[in-house]
Amino acid sequence: MASRKLLSLLYVCGHHTGFSAYARSIPLDISNLFNNKGFGTYPGEASFDTLGQSYPAPAAAHTPYYTSSTTGITYSFPGYTGTGKADNVICAGQTISIPSHLPQSPPQSSYPSSAGQEQEQIFSISFLLSGDVEFATATGNATFRYSDNTTSTHELRSLDWFSWLTLNRGEIIFPYRYTNEGINWNTSHVFERTAPLLPGKTLREVELPDTDGGGARLHVFAVALEVGDGGEIGDGDGSGSGSGNAGVMVQSVRPTQKWFKAGEQVVEVTVNNAGAECLAGLGAEISIIGDGFNTTTPARLKRLCPGDQRVVKIGVTGCSDGANDVDVVIGVGTGRQVVKFSDVEIGLTDWTPDLDNLARHEAPDWFDGAKFGIFIHWGVYAVTGWGNSTPHESYAEWFWWYSTHHPQADPSDFYDYRLRTYGPDWAYDDTFPHFTASQFDPKEWVDLFADAGAQYFVLTSKHHDGFALFDTGATTNRSSLHYGPERDLLRELFDAAATYQPSLRRGTYFSLPEWYNPDFGPYGFDQLPAATNPGTNSWPGVPARNPYTNAIEPYTGRVPVNDFLEDVMLPQMQILATEYETDIMWCDIGAANATAGFAAQWWNATRAADRQVAINSRCGLAQAADFDTPEYATFASAQARKWESSMGMDPYSYGYNSATPDDAYMNASTLIQTLVDVVSKNGNLLLDIGPRADGTIVQAEIDNLREAGRWIQSHGEAIFNTTYWFVQSEIVDQGLDVRFTQTEDAFYVLFLDKPVSENGVVSVPAPLPILKGDEVSLLAVSGSENLPWEVIGEGNQKVLRLEVDDALLDKDEYCWVFKIKYM
């Protein structure tokens, strides 16, 4: 351990000054379409959302040009334009014309100006955008028209511009928003979205979607093109199976704060193919050259076809002296291409509580590759174990809150259930003696998770009721060590995982606030204004009152403190991080927090220990959010920013709900298809189970997890450690329901419905990266090796035709995966 710490410290360099590798971007001037004012300098000056609310003016460094910290693309971003002057477009079907002579590159670009030249190949088009309704996703298809009168479409999608308690993280983060009367200190955001374009075609027009008909409207602030012909490198013969005309183009260089091994920093390079043929054969080796550091692990790119993009990872050791020029070297066969980028700073740096510093952290690569985790909601709420049944179901773990907020916030009628089941004098803490964990077998749990194919799990260490399943030290006695089973349940589960399933990563759910802890009172809040939303969720920080007698309910085990954040929240998070060595700090609710100092300290300690860890989007700081956390949700297309969808095997509860019948739990087919769908769009699936108070798990959940696990484990290479396809996420028409994933050596076509064979042929209408000599098989099906295949059509009209017998298709179930092995 000491040598690891020394090695990691040897490579910690000076303070990071920011990402500034410029892509070959052409910002478009769309100011003639502006029809909304989104930026203001005081409350009520602008009305982004029809409610008199607006963003604050962007920082001076972000205007008049903004370079994305993620993609390296540079936009014309005017920001605040003055009193009464519009600054963004509400999408309502407007048309953006693309000139035949492209406008000049931004002044700070390291590329030569393209003004006055005939149009270069436009590889992709990117947008800075946002939706204007809280709790809603704004979406619509943009249509791209080409000079040959063909079209393509892509989903433009944005999360809401501000989100309750920083559940979202945009490309541009603002510290607050203006309301019509004041300031709300929840962060607000502008998001980025990149659309692929058809290779080899000349873009002429972009038709924005029409989202102005009610609901969440989509606003566009800026549009930029990514252009370039790409260098022709290599020694292929131009036959379509080599690399002679592969237009490999480097879009950006992004030093991360991740590492391969102690001290070996990961630098991500975004590579596009803007040419006419696939990069194939031996592929390419990519490295970086610059003063003060060396490439120790070059990236290898085996296949990249026209119109596609890949982010490759290079390992470097050392550090640059501040921001300097670097050369990206791409070698293909005997050819070599060198691309220079300016103002790139290499080196792993210390973490501090500064928000810009924290914003450099991101989900580690192990988390991205893990794809599937098990969520466990277990606590004293399993004793009540009730949330009604579909279609009236609510989260069973919210029993205490719902039963004390009747009728304004009790659609499932917890109030009446509590009265008829427990009587009027019962208090929530009366559950403690009945939370026995008497049948809890941590080995059985972790074995089940592994059998299901999960790569990690997250246990509720403490929910909103404040009852903890771990040793909270002197912060409180409200825990399973003092009441109920009088055991450290988190420690038992973590130890079992380390002993019996050491490959399972271990995470902890942690609610930052506690509903009824009086010490949280100074920080108590309503989710929405209670005067206009009487049923709003709340974390009041005052003692609960019995809903029938109005008596104050006890808060058993509470240790009075001076400050909840400093004396309860922060030390409990530190205990989970240091004593339990959690891999994932999965916070909930956010609001008042001590996350900045915690994150800096934790990340410095784990780097010294050569451990890479993650924080989710609910710890109260957008800048410290490594991944987004939608609930019971998926998307229609890939999201470049890492996300994790959580959902229960129960139709709509995370905690155990005795009202749910066995046949209502998620079955193996739905589990597998949901996992495939989420993974194909750059997400992870965190699937929840709700054990009973005695520690047993519903048999239907056990059976369905193990049934799904058999498929997941036999098809795991198409799931784990894969990436999404930049060109296309799915096919959901022509009677097909298909997803795509890929690795460095193979491409996977995943049918969510059994493929229909016509005259012994299964067709896939998509421009797949398949070349002469590649081998196709039906994954995990014996006898399906080296299936005959052909490609018909050109461009985006290509169709892969596979010869496959129905007898082979009958050997699989749930999801049928065709593997294209690159040769």
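**Disulfides and a helix pair**

The torsion about the S-S bond of Cys 587 and Cys 619 is about 80°, so this disulfide (a pair of cysteine sulfur atoms within 2.5 Å) is right-handed. Cys 587 lies in strand E33 (residues 584-588) and Cys 619 in the loop between strand E34 (614-615) and strand E35 (643-648), so the bond ties together parts 32 residues apart in sequence. Strands (E, at least two residues) and helices (H or I, at least four) are DSSP runs numbered from the N terminus. The S to S distance of Cys 587 and Cys 619 is 1.9 Å. Both cysteines are buried, meaning under 20% relative accessible area with a 1.4 Å probe and protein chains only.

The model is predicted: local features need pLDDT of at least 70 and side-chain atom pairs pLDDT 80 or more, while totals for chains, interfaces and linings use all residues. Residues are numbered from 1 along each chain as its sequence is written, and side-chain values use heavy atoms, without hydrogens and water.

The whole structure holds 2 disulfides. Another joins Cys 278 to Cys 305, S to S 2.0 Å. With a torsion of about 105° about the S-S bond, the disulfide of Cys 278 and Cys 305 is right-handed. Cys 278 is buried at 9% relative accessible area, and Cys 305 is buried at 8%.

Helix H7 (residues 442-451) packs against helix H12 (residues 699-714) at about 45°, with axes 8 Å apart. Axes are lines fitted to C-alpha atoms, for helices over the stretch in contact, and angles run from 0 to 180 degrees between N-to-C directions.

Methods. Buried < 20%, exposed > 50% of the residue type's maximum accessible area, 1.4 Å probe, protein only.
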